[in-house]
Amino acid sequence: MVTVLVAGGTGEAGRAVVAELAGRGHDVRVLSRRGGSPIAGAHPVAADLISGSGLADALAGVDVVVDTTDGKSRRARPVLTTGAANLIAAAGAAHVTRTVLLSIVNVDRGPLAYYRAKAEQEQRYRTAGLDTRIVRATQFHSFVPMLCAPAARVGLLPALTHTAFQPIDVRDVARGLADAADGRSPAPDIVGGPEILRMDDIVRQWKSATGVRGAVAPIRLPGALGRFWRAGENLVPGHRDGTITFAQWLAQQPRR
Ligand SMILES: NC(=O)c1ccc[n+]([C@@H]2O[C@H](COP(=O)([O-])OP(=O)(O)OC[C@H]3O[C@@H](n4cnc5c(N)ncnc54)[C@H](OP(=O)(O)O)[C@@H]3O)[C@@H](O)[C@H]2O)c1
């Protein structure tokens, strides 16, 4: 058993990582700004990666750090850059033996400012001089529903043409991150979902399983992101690591 701190352990991926690590018998600390823990056996710690407040105390006695933080809005995004730098510095000062970062497949080729921040986050871990494992995942099962949710509010379910995703369950991602945290060799550096599905198929499955209202609307996404996805840069066909399909995940979601 080692002490593992999961930064962002109250988030979507982080919660699954906390459960997986606790299930393997580790002593788990859950770091977030608001505090709290997704499971009873893990210890919540409140700290802010951007300001650095609470970080030194949070890391005292920690063996392994798993970074699953995220900043989806422009304002929150510095958690991926400044926040990562602060976490890495605090991990070094606390003599943490290993760090593990959750990242995204082909993030260094992604055309968005968000992808550039994630690529910078990876680079900060790679050059930190610590034993670091970076695990890149394909999009989570919740990704396409999250993408469609704003348009669904006005009755549209956008289905990007010639675009596919390889959605993965965060519990499958968590197993890869926990293997990396445990120092298993070879450690996974890529985890992909079990199936590659066209976006219109994902949207139709989501509509039929959840009862979300709206017309499925084929849309050609202009610009660099549209080209990135149409080129299949978000896919890893040789990595069908996930065990839980999109349909199985949908069946476990609360009905609207
Ligand atoms: N969504 C996908 O399809 C996908 C695919 C592959 C990889 N990823 C990667 O997976 C990671 C996790 O994403 P997610 O959707 O699971 O994240 P999420 O649900 O938004 O959770 C983010 C977590 O980070 C914490 N956090 C944010 N800012 C913080 C700060 N300044 N200090 C301390 N904690 C902070 C949040 O807690 P508080 O708000 O309480 O601080 C929360 O626990 C991201 O790095 C993302 O790039 C996502």
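I kept in mind throughout that the model is predicted.

**Entry: H5 and H7**

I started with H5, residues 143-152, and H7, residues 199-210. Their axes come within 10 Å and cross at roughly 80 degrees. Angles from 65 to 115 degrees count as roughly perpendicular, so that is the label for H5 against H7. Next I looked up who touches whom. On the H5 side I found Val144, Pro145 and Cys148, and they meet Met199, Ile202, Val203 and Trp206 of H7. I sorted the residues of this contact by type and got 7 nonpolar, with no polar and no charged ones.

**Entry: H1 and H6**

I then turned to H1 (residues 12-23) and H6 (residues 170-181), whose axes come within 8 Å and cross at roughly 55 degrees. H1 and H6 are therefore oblique to each other. I noted the crossing as right-handed. From H1, the contact uses Glu12, Ala13, Ala16, Val17, Glu20 and Leu21. Their partners in H6 include Val170, Arg171, Ala174, Arg175 and Ala178. By type, I have 10 nonpolar, no polar and 4 charged residues in the contact of H1 with H6.

Technical notes
Residues are numbered from 1 along each chain as its sequence is written. This is a predicted model: local features need pLDDT of at least 70, side-chain atom pairs count only at pLDDT 80 or more; totals for chains, interfaces and linings use all residues. Axes are lines fitted to C-alpha atoms, for helices over the stretch in contact, and angles run from 0 to 180 degrees between N-to-C directions. Helices (H or I, at least four residues) and strands (E, at least two) are DSSP runs, numbered from the N terminus. Angles under 35 degrees count as roughly parallel, over 145 as roughly antiparallel, 65 to 115 as roughly perpendicular and the rest as oblique. Two residues are in contact if their C-beta atoms, placed from the backbone, lie within 7 Å. Ala, Val, Leu, Ile, Met, Phe, Trp, Tyr, Cys and Pro count as nonpolar, Asp, Glu, Lys and Arg as charged, and the others, Gly among them, as polar. A crossing is left-handed if the near helix is turned anticlockwise from the far one by less than a right angle, and right-handed if clockwise.
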